[in-house]
Amino acid sequence: MEQQAKNFDVPMQVEAASYQYEEDASPAVDGVSMNVPKGSFVAVLGHNGSGKSTLAKLMNALYLPTDGRVLVCGMDTAQEDEVWNIRKHAGMVFQNPDNQIVSNVVREDVAFGLENLGVPHDEMIGRIDDALSAVRMTEKASFAPHMLSGGQKQRVAIAGVLAMLPEVMILDEATAMLDPSGRKDVLKTVQKLNREKGITVIWITHFMEEAALADRVIVLDQGAVAMDGVPSEVFSRVDEIKALGLDVPPMAQLARELREKGLSLPAGILTVADMVKELKNTLCLSK
Amino acid sequence: MPIKVEHLSHTYMQGSPFSATALHDVNITIEDGELIGLLGHTGSGKTTLVQHLNGLVKPTEGKVFVDGIDTSEKGVQLLEVRKKVGLVFQYPEYQLFEESVIKDIAFGPKNMGLSAEEIDERVRFAMNQVGISYEDIGERSPFELSGGQMRRVAIAGVLAMRPKVLILDEPTAGLDPAGRRSILSMIRDLHAAGDLTVVMVSHSMDDIASLATRLIVMSKGELVMSGTPREIFKQQETLRSIGLGVPQAAELNHALLAEGYDLPDDLYTLGEVRDAILRLAGKDVSEC
Amino acid sequence: MLRDITLGQYMPGDTVVHRLDPRMKIILTVLYIAIIFCVTSPLWYIVPLCYLLFASKMAGLMPAHLIKAVKPLRFLLILTFILNLFFSSGETVWVHWGIIKITQEGVFTAIHFSMRLIFLVAGTSLLTLTTSPVALSDGIEMLLKPLKVVHFPAHELAMMMTIALRFIPTLIEEADKIMKAQMARGADFESGNLIKRAKAMVPLLVPLFVSAFRRATDLAMAMEARCYHGGEGRTRLRVLKFIPADGWALVITTFALLATIFLGKWL
């Protein structure tokens, strides 16, 4: 097969991809197209069963599209001989922290991917140390996973992917089973990797407050893209979001209700800080 | 049927090098008809506390009285306690095991030694309470259902024991917004129908703000606050210091107060804050 | 609580015995077993006894640790002893009482076989007390590697052991939780006869199996996503290396074996 040129500027290209679990079933992913440029942080939002997990699995050749195609750094996931290369470039973190850690020592788990890739022993050690320090887990390197909190386990899983030096990281509801502090912790870790190491992030979630922090939000419904835009634009469409079984941030909801009552507030209010800032421009400060 | 917790302490693995204090000198009384929100960080002792309330875990020190029964007394009938206090665990769908939904819900009533008619009657009633159809879903395997439906079946399994107190440990964990909303409104309906005291463990402030009549806040094994949501959410600094947040409405309320706006200081629902802002907006702009 | 139990009987430490290469420790254990089987008379257990005492001293273990390891076998031991005592045939009758006949040979065999059992268990537990389960599975994998020519799945076996070790604490914790959840629904795991108790396990075992299968599916997916494709072309983070002490241990153990054979043959 002809070698395709690697495309690192757009490490994830989904071109009208569909996926059907069974031949007669309705497609779980239905003609999705998206290009994710290098260094961006894209949130994929959708309710349970909207197809977001299936889409994630199309993104590193765990599933192959039944129609259309998916390109990871320019490599078509349907190319069998590139599959390990594709999975190395597009690392994946799953939902359940317990079910993706293979080894019973943290640093050995981080090594797992490197061992599979046949990385030489000496190089491995440096890469493991770097990955563990990037997720702030150096101190727990010799711990058994069951001694860690959910958030820490997810950070170990992230380190395991990070050590493979991926271009894109796909996090498939990586925070869904965590408590609020674990959730914040994992999100912060990934944001930092995105900013400092330039790793492209595809963050799959049903928490709108997480999606609100992305550069771009893609909302899935019935396997197809229902909305696509920057968070402030997407979340100002309150009724559409709700009709898709999702929530809007409380402040977006409040802004809408205030607007209905005649207050003139601009679009794109998502956080408490946004709201305070805008209200200061609108309200009379009575001392 | 009140539950009284007096000077309750619990230490896991006492006397071993792994010993860990999970609860320290906790005192609470749960009155009939309350809907209590039990808040706290992971590891604050919430789960250990609720497991004491139906005798699954015994106090190391202190006492727990359920309807006057001392759960740590020798020879106590724990089944009696468990009939009165139903406990729904976190991710309760993982405990389903029977071949049909009906059989699974019947497990509790069966353990209580009830007659077949009584069991069937209770299964129907419990399924109705959680909003799943006896006719359509009853004969299906619980493992074929969606996550949200499985959770309802699991809750019905506890409700079928007709407890006076229903305790739910993180009932919305892992659900998407629509699933979360529907479980919360189900809990609201269960409580509103009367007769049922509810204790809901949660770390989602927004979930709990709209439901609870009283909040209990735990931190590091101790009970640190107890009061109405209005009283509790007013104390934002204390909540933050133990790693908890407040509903965004309460946060906005405080932020606006700090900016010098003239608002009450104890608002915590979006509706209240909206109305307060509208009152401000209604003032004559020329005064500014 | 169930989840606080320690895994296996490994006692972490930093002694020379702990540092020995796991491959060597497995070989030494095999030699040690050979020693036990070469002992011909109860008296010559003095050799493995000295060997064990020396090894456990070097490993920083008390004899009490070894005794504790043997303890669960006490019923089997008593049974072995009694059977051999009463049912061995022999010429020198010591006690004859109705159908019961105790002979000199019977007493010797009873002591001999009981000692053999005690020394087998005590010695092998020395291996598990000083070697972490991970190191042990590494050692087994490396030792079995040559068998690959006959398609023996050494790598797969070791991977299975690693995963089992990883998930045992998780599943124990889960079993604890499911058990409590069913108890909250009035399940009774503690009373009744054997059949009733076995039946009572169904509500625990079904969810546990369902969960184990779900975890297995998830894990397989996660392993594939991290490029796992069997043992082919794989490098290892943990590299086993023989140290000089391994050589000395081998010499000492071989000497003990030869001594036992010598004592049995010529004395």
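This is a predicted model: local features need pLDDT of at least 70, side-chain atom pairs count only at pLDDT 80 or more; totals for chains, interfaces and linings use all residues.
In what order do the six strands of the open sheet in chain B lie?

**View 1. The open sheet of chain B.** The six strands follow the order S6-S7-S8-S3-S9-S10 in chain B, and their pairing is mixed. Strand S6 (85-88) and strand S10 (222-227) of chain B take the edge positions. Each of these two strands has a single partner strand, so one side of each has no neighbour in the sheet. From one strand to the next, the twist averages 15°.

**View 2. Pairing of S3 and S8 in chain B.** Strand S3 (residues 35-40) and strand S8 (residues 197-202) of chain B run in the parallel sense and are paired over five bridges. Within this pair, Leu35(B) is found opposite Val198(B) of S8(B).

**View 3. Helices H7 and H6 against the strands of chain B.** Helix H7 (residues 177-192) of chain B packs on the sheet, where S3, S7 and S8 of chain B are touched by the helix. The direction of H7(B) makes about 155° with that of S8(B). Helix H6 (residues 147-159) of chain B lies across S6 and strand S7 (165-169) of chain B. The angle between H6(B) and S6(B) is about 165°.

**View 4. Extent of the interface between chain C and chain A.** Chain C contributes 29 residues to the contact, and chain A contributes 38 residues. About 3000 Å² is buried between the two chains, with 58% of this area given by carbon and sulfur atoms. On the side of chain C, the residues that lose the most area to chain A are Arg166(C), Arg226(C) and Leu237(C), which together account for 30% of what that side buries.

**View 5. Make-up of the side of chain C that touches chain A.** Helix H8 (154-184) and helix H10 (202-225) of chain C each supply at least two residues of this side. The largest share, nine residues, comes from H10(C). By class, the side comprises 15 nonpolar, five polar and nine charged residues.

Methods: Residues are numbered from 1 along each chain as its sequence is written. Chains are lettered from A and ligands numbered from 1 in the order in which they are written. Side-chain values use heavy atoms; hydrogens and water are left out. Contact means heavy atoms within 4.5 Å. Buried area is the accessible area (1.4 Å probe) that two parts lose on being put together, summed over both. Helices (H or I, at least four residues) and strands (E, at least two) are DSSP runs, numbered from the N terminus. Ala, Val, Leu, Ile, Met, Phe, Trp, Tyr, Cys and Pro count as nonpolar, Asp, Glu, Lys and Arg as charged, and the others, Gly among them, as polar. Two strands pair if DSSP finds at least two bridges between them. Axes are lines fitted to C-alpha atoms, for helices over the stretch in contact, and angles run from 0 to 180 degrees between N-to-C directions.
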